[in-house]
Amino acid sequence: MERCRVGDREICFHLPMDARFVWLQPTFDGDYGSLDRELGMISSGQPFGFVAFPLRNWNDELSPWPAPPVFGNEAFGGKGGLTLAYMTEVLVPWVRQRLGDVAMGLGGYSLAGLFALWAATRTPVFPRVVAASPSVWYPGWMDYEREHPVLARRVYLSLGLKEEQTRNAVMRQVGDCIRLQEQELRERGVEVTLQWNPGGHFMPSDERCAKGYTWALR
């Protein structure tokens, strides 16, 4: 994939001129090797683009509102709104300047998966969302999403079979939360799937995200 600076971030991208759809994905700063593998695992019968943009502080830049630590000592800063503004005001216009009025989707893993769902409650720019092992246990998320429904028309959810077996009291709610999330999306008429993967949370995120993008591009 190519790299260039867009706004205040050095992004990584694959944007063929005949792309009919473009995925955006937040990623760890410098995690480019994993992104190359992920791109190679996405199977699609149509040309698509892919843009990854780095984050300096995962917990701060992806969280929709502040929350206390639930694992370790690092709290959540609730600065997801700034990240969303960068995407909609800087990154999306940059992509469309290159490719025209192409459709966009948003995906991510773990807290980035939750961010993708949350972003889709704030803007209709992303009609397809991939939330791989999303942090739907996040304090206040399920109540918030009921009052501010996801606007995407197609949503991919996934979880590892062992993720709800954690000893952490907050994070072990993830299984119940994601089952309820799928049910509520389906009842609203959203095209949604929930895929269960072997293993726990700390498994190859690139493979899990690629499976979601492949499903959502079909």
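Colleague: Which residues lie nearest the centre of the largest pocket, and how many residues line it?

Modeller: This is a predicted model, in which local features need pLDDT of at least 70 and side-chain atom pairs count only at pLDDT 80 or more, while totals for chains, interfaces and linings use all residues. Residues are numbered from 1 along each chain as its sequence is written, and side-chain values use heavy atoms, with hydrogens and water left out. In general, rolling a probe the size of a water molecule over the atoms shows where empty space is left. A pocket here is an open set of points on a 1 Å grid over the protein atoms alone, where a 1.4 Å probe fits, with protein on both sides within 12 Å along at least five of seven lines, and lining residues have an atom within 4 Å of a point. The largest pocket is lined by 35 residues, and Trp-58, Tyr-109, Ser-110, His-201 and Phe-202 lie nearest its centre.

Colleague: Which element gives the largest share of that lining?

Modeller: Elements are DSSP runs numbered from the N terminus, helices being H or I of at least four residues and strands E of at least two. The largest share, 4 residues, comes from β3.

Colleague: How should I read the phi of Ser-110, and is the residue buried or exposed?

Modeller: Most residues other than glycine have a negative phi. Ser-110, in the loop between β7 (103-109) and α4 (111-122), has a positive phi of about 65 degrees although it is not a glycine. With a relative accessible area of 13%, Ser-110 is buried, a term that means under 20% relative accessible area with a 1.4 Å probe and protein chains only. Ser-133, found in the loop between β8 (128-132) and α5 (141-147), also has a positive phi, near 45 degrees, and counts as buried at 0% relative accessibility.

Colleague: Which residues is Glu-163 in contact with, leaving aside its neighbours within four places in sequence?

Modeller: Contact means heavy atoms within 4.5 Å, and by that criterion the partners of Glu-163 are Ser-133, Met-171, Val-174, Gly-199, Gly-200, His-201 and Arg-208. Glu-163 lies in the loop between β9 (154-160) and α6 (174-187) and is buried, with a relative accessible area of 9%. A polar contact of 3.2 Å joins the side chains of Glu-163 and Arg-208; the term denotes a pair of N or O atoms within 3.5 Å, where, within protein, one must be able to donate a hydrogen and the other to accept it, and residues adjacent in sequence count only if both atoms are side-chain atoms.

Definitions and conventions: Buried means under 20% relative accessible area, exposed over 50%, partly exposed in between (1.4 Å probe, protein chains only).
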